[in-house]
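The questions below go through one protein chain, from its overall make-up to single residues. Each answer ends on the value or name asked for.

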Amino acid sequence: MSDLQLSLLALGAAVIVAVLLFNWMQERRFRRKAEAAFRQEQHQDVLLEKRIEPQLAREPSFVREQQVASAAHAEPADRANPVNASATAEALPAGIDPLIDCIITIAFADAVAGEPVLAAQQHAQTLGKAAQCYGLNAHSQDWQVPQADGRYAQVKAAIQMADRNGPLTSQQFEQFCAIWQELADAAHGQLEYPSVQAVLASARDLDRFGSQVDVEIGINVVAERDAVFSATKIRALAESAGFCLGADGVFYFNDEQGRSLFALHNQGAPFLPEQVRGMTTTGITFVFEVPKVAEGWRVFDRMVTLAKNIAASLNGILVDDKRVPLNDAGIEAIRNPLRAIYTSMESNKIPAGNRRALRLFS
């Protein structure tokens, strides 16, 4: 081996040793810095540190297995409340129902004018679910429907979580929150809202329960063979029994407060007032919406009695939806499940016929 080759080998070995030594020194230096950093008392683990998000007010949920939890809607303790303790959001406005409404609270450092609140409310009413809001009057400290010339220290906005069109969707919830967040940002307000998971779970449970008890009972009166009924005679019989003909062509049997208990429909075109004269039909149907009427088994009995009387006067036959003649046993078989439905609604704090049920089954 020549002297040149030996020199190159020696130089290469020296370079390798130098690189290894440099790497060892750098590693040792960075290790010391890391150990020093983790020994500092002020160090916080980003995986363990408290999230700096606003605490969310918890909405009551409609509990599975048809059991309803008590409403729990309280202001977080660590939030500044600009209003008197006697008028805080713990006492909800009378029009908001924590069992069926998703509720948002906005607290303002300085009272906000009513006009932007009304504008937000009008926008919220376009989302496909019943929406409402109330403002805490900065002077009287009373909850009220916002007025354009009012000033409000707090706003509570609510959107219904379910109705006959189904449960509140994630898109509807997010749009609802966005509307009120925009007002909060513009007016330097602090917004509180429940988690989307909690709201959607409650909405699904509420909708599931509603579908279980949303029963409509129909009893038909049909003509024999090729016979027909005179609409004029039906009107006379219905009105003498206490029905009122509505503008929609349906006869309604109302209680003393004017609330509909059941209805009488034509099986063909509606009984429009201006078209009744000269009309004929092969059948009519008495319709009873179970969840919208209190003490429905008594109302059902009353409807059956009127249906029998009108059928006898028309020489018609009482039949079910499959056009099978209805005798007393068949009517009792329809009546029996009513008590179970009403008991279920009572136990879930949605009594049939009350304001909450009427909202849910609208």
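Axes here are lines fitted to C-alpha atoms, for helices over the stretch in contact, and angles between N-to-C directions run from 0 to 180 degrees. The model is predicted.

Q: At roughly what angle do the axes of helix 5 and helix 6 cross?
A: Two packed helices are described by the angle between their axes and the distance between the axes. Helix 5 covers residues 231–241 and helix 6 covers residues 296–314. Their axes come within 11 Å, and the crossing angle is roughly 145 degrees.

Q: How many nonpolar residues are in the contact of helix 5 with helix 6?
A: Helix 5 contributes Lys233, Ile234, Leu237, Ala238 and Ala241, and helix 6 contributes Leu306, Ile310, Ser313 and Leu314. By class, one residue of this contact is polar and one is charged, while the nonpolar ones number seven.

Q: What kind of aromatic pair do phenylalanine 251 and phenylalanine 271 form?
A: The structure holds eight aromatic pairs. In the pair of phenylalanine 251 and phenylalanine 271, the ring centres are 5.6 Å apart and the planes are at 55 degrees. Planes under 30 degrees apart count as stacked and over 60 as edge-to-face, so this pair is tilted.

Q: Where in the chain is phenylalanine 271, the partner of phenylalanine 251?
A: Both phenylalanine 251 and phenylalanine 271 are buried. The two are 20 residues apart, with phenylalanine 251 in strand 11. Phenylalanine 271 is in the loop between strand 12 and strand 13.

Q: Which charged residue sits over the ring of tryptophan 297?
A: Tryptophan 297, in helix 6, pairs with tyrosine 342, in helix 7, across 45 residues of chain. That pair is edge-to-face, at 5.7 Å centre to centre and 80 degrees between the planes, and both residues are buried. The ring of tryptophan 297 also has a charged end over it, 4.4 Å from the ring centre, and this belongs to arginine 339.

Q: Is arginine 335 buried or exposed?
A: Arginine 335 has its place in helix 7. Leaving aside neighbours within four places in sequence, its contacts are Trp297, Phe300 and Asp301. Its relative accessible area is 19%, and the cut-off is under 20%, so arginine 335 is buried.

Q: How far apart are the C-alpha atoms of aspartate 321 and glycine 218?
A: Aspartate 321 is in the loop between strand 15 and helix 7 and, at 64% relative accessibility, counts as exposed. Although aspartate 321 and glycine 218 are 103 residues apart along the chain, their C-alpha atoms are separated by 7.2 Å.

Q: What is the phi of asparagine 315?
A: Most residues other than glycine have a negative phi. Asparagine 315 lies in the loop between helix 6 and strand 15 and is exposed, with a relative accessible area of 58%. It is not a glycine, yet its phi is positive, at about 60 degrees.

Q: What percentage of the residues of the protein count as buried?
A: The protein has eight helices and 15 strands. Of its contacts with a separation of 6 or more, 69% are between residues 24 or more positions apart. Among its 362 residues, the part that counts as buried is 41%.

Note on methods: Residues numbered from 1 in each chain as written. Predicted model: local features only at pLDDT ≥ 70, side-chain atom pairs only at ≥ 80, totals over all residues. Heavy atoms only, no water. Helix = DSSP H or I, 4+ residues; strand = E, 2+ residues; numbered from the N terminus. Contact = heavy atoms within 4.5 Å. Nonpolar A, V, L, I, M, F, W, Y, C, P; charged D, E, K, R; others polar. Phe/Tyr/Trp six-rings, centres within 6.5 Å; stacked < 30°, edge-to-face > 60°. Buried < 20%, exposed > 50% of the residue type's maximum accessible area, 1.4 Å probe, protein only. Lys NZ or Arg CZ within 6 Å of the ring centre and 35° of its normal.
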